[in-house]
Structures are given as structure tokens and as C-alpha cells.
Amino acid sequence: MKLQLLYDDEGVGGYGTGWGVSCYLPELKLLFDTGWDSTILLNNMGKFGITPDKIERIFISHSHWDHIGGLSEVLHPGVTVHLPASISEHLKEEINARAEVVEESSRREITGGVWTSGELGEEIKEQSLAVKTGSGLFVLTGCAHPGLPPIFQTFEKIGKIKALVGGFHDFSKLPLLRGLEVIVPLHCTEASEEIFATYPEQTFRAVVGTTIAKTGEEDWRLSWI
Ligand SMILES: [Zn+2]
Ligand SMILES: [Zn+2]
């Protein structure tokens, strides 16, 4: 299990930074969200050796500008784009003209071992992603606007959550994270410092240019490469 962090507001040298989220899961050829600025996204993809034509799936968590801004530049006829079903019809049409669109509304396995939570939340609808690994679920969130509790409840029906990466927005119910082996707060996570202080062994600071990789079959400790 490997995750390359492509877009956030801090990065290592040579990588562009900005407000937004994008990650790439190379084993699945899956791009999760696209940041907002396509120039920054493409630059950072290039540094990781990722070209748009290599991407087989794009998973869009929600329609906020900082998660879909780079999308038009990574579309190609061979890519499947998993969109929250409630996203604007005009946007669906535009994307559908350049790629295959799949609308996601409820929890399901989108491809072997890879699940969407389906749309959660009332005002801001958002889907999260879970990847089943030998050790448990690896969960990826965009902003977690619906709140982490419903995201956890949805995925706990299919497995035990072991790793959580993403924006956790206004999350503050710290005990929920007890039992996780890996926590990587990104982007809009307001409680980052409290999470680091409460779970110092489990929490990692990732910046753009970082690869998060599982080091062994038994050991869920992630390492920075
Ligand atoms: Zn958002
Ligand atoms: Zn955001």
C-alpha cells in the first residue's frame, strides 16, 4: 500500500504547494481529488513520474474548488471518474464528454478491495475512500465535511479501520481515533496539533512530495521515503 501526496499547502523542495488535496495510489493507478491549480498538480505529478494517461481511476470526494480544480487537465478517454452523484449536472456532462463517469451514491466496492463510502452528509455531500489491505482498512478523506463519525460507521461495516489519511476539517472527537495505527492529518484539519499531542506514536506529518508506504506485511508502521 503506497500513497503519494501530490497537493497540500506544505511541500518539500521543487514541489508546488497550495490550498487543496490530491493523492495518488500507484498500485491502483488511482488519483484521489485534484487540488485546485492544474499547473501545480501536473508539476507535482511529473516529479513523481505520473502522467495523466497512466491514471485509470479518478475519485472525487466532493465538488469544492480545492478538490476538483485540476480535474480538466488529467481527464482522458481511458479514465473512469467516480463522482458524488449529487454533483452539478453541468459538471457531470463536461466530464462525461472527456472520460467515463460513474456516479456514486451509496457504499459499494468500486473495484477489487476499493470501496466508496457513498455520499454522506447533509449540506455538503462527500464520499470517502477505503482500501482493504491484509491488515485492515486504509481510509482516505477529502475534507471529511460529513464528520468522521459517519465515515467510520460506514466503513466499519466492511472491516477494521487501521489507517486514516486526509483532511479532517472541524473534527474534534479525539477518542474516535483510538485504535488507529496510522493517522495523517492533511489540508483543512483544524485539530492537527491536538491529534499529534494525543496520538504521538500514530500520527505522521506529511507534506507534498512525501510517499506514505506500508513497510511490511505485519507491521503497519508507515515510513516516509
Ligand atoms: Zn471541502
Ligand atoms: Zn478542502
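The legends below describe close-up views of a predicted model.

**View 1. The largest nonpolar core.** This core has 25 residues. Leu6, Ile55, Ile58, Val74, Leu75 and Val81 have the most contacts inside it. At least two residues of the core come from each of β1 (2–7), α1 (38–47) and β5 (80–84). The largest share, 3 residues, is supplied by α1.

**View 2. Surroundings of Val81.** Apart from neighbours within four places in sequence, the contacts of Val81 are Ile58, Ile60, Leu75, Ile95, Ala99, Glu100, Val101 and Val102.

View 3. Lys92 is buried, because its relative accessibility is 6% and buried means under 20%. Its side chain forms a salt bridge with Glu89, at 2.9 Å from N to O. Lys92 and Glu89 are 3 residues apart in helix α3 (residues 89–96), so about one helical turn separates them. A salt bridge also joins Lys92 to Glu103, with the closest N and O atoms 3.2 Å apart. This pair links distant parts of the chain, since Glu103 lies in strand β6 (residues 100–104) and Lys92 in helix α3, 11 residues apart. Glu103 is partly exposed, at 45% relative accessibility.

**View 4. The salt bridge between Glu104 and Arg108.** The closest N and O atoms of this pair are 2.7 Å apart. Glu104 is buried, with a relative accessible area of 1%, whereas Arg108 is partly exposed at 33%. Through shared partners, salt bridges join Glu89, Lys92 and Glu103 into one network.

**View 5. Thr203 in the loop between α5 (192–198) and β13 (211–214)****.** Thr203 is buried, at 8% relative accessibility. Its side chain reaches the backbone oxygen of Tyr199 at 2.7 Å. Not counting residues up to four places away in sequence, Thr203 touches Ile183, Pro185, Ile195 and Phe196.

Technical notes: Residues are numbered from 1 along each chain as its sequence is written. Chains are lettered from A and ligands numbered from 1 in the order in which they are written. This is a predicted model: local features need pLDDT of at least 70, side-chain atom pairs count only at pLDDT 80 or more; totals for chains, interfaces and linings use all residues. Side-chain values use heavy atoms; hydrogens and water are left out. A nonpolar core is a set of buried Ala, Val, Leu, Ile, Met, Phe, Trp, Tyr and Cys residues joined through side-chain atoms within 4.5 Å. Buried means under 20% relative accessible area, exposed over 50%, partly exposed in between (1.4 Å probe, protein chains only). Helices (H or I, at least four residues) and strands (E, at least two) are DSSP runs, numbered from the N terminus. Contact means heavy atoms within 4.5 Å. A polar contact is a pair of N or O atoms within 3.5 Å; within protein, one must be able to donate a hydrogen and the other to accept it, and residues adjacent in sequence count only if both atoms are side-chain atoms. A salt bridge is a side-chain nitrogen of Lys or Arg within 4 Å of a carboxyl oxygen of Asp or Glu.
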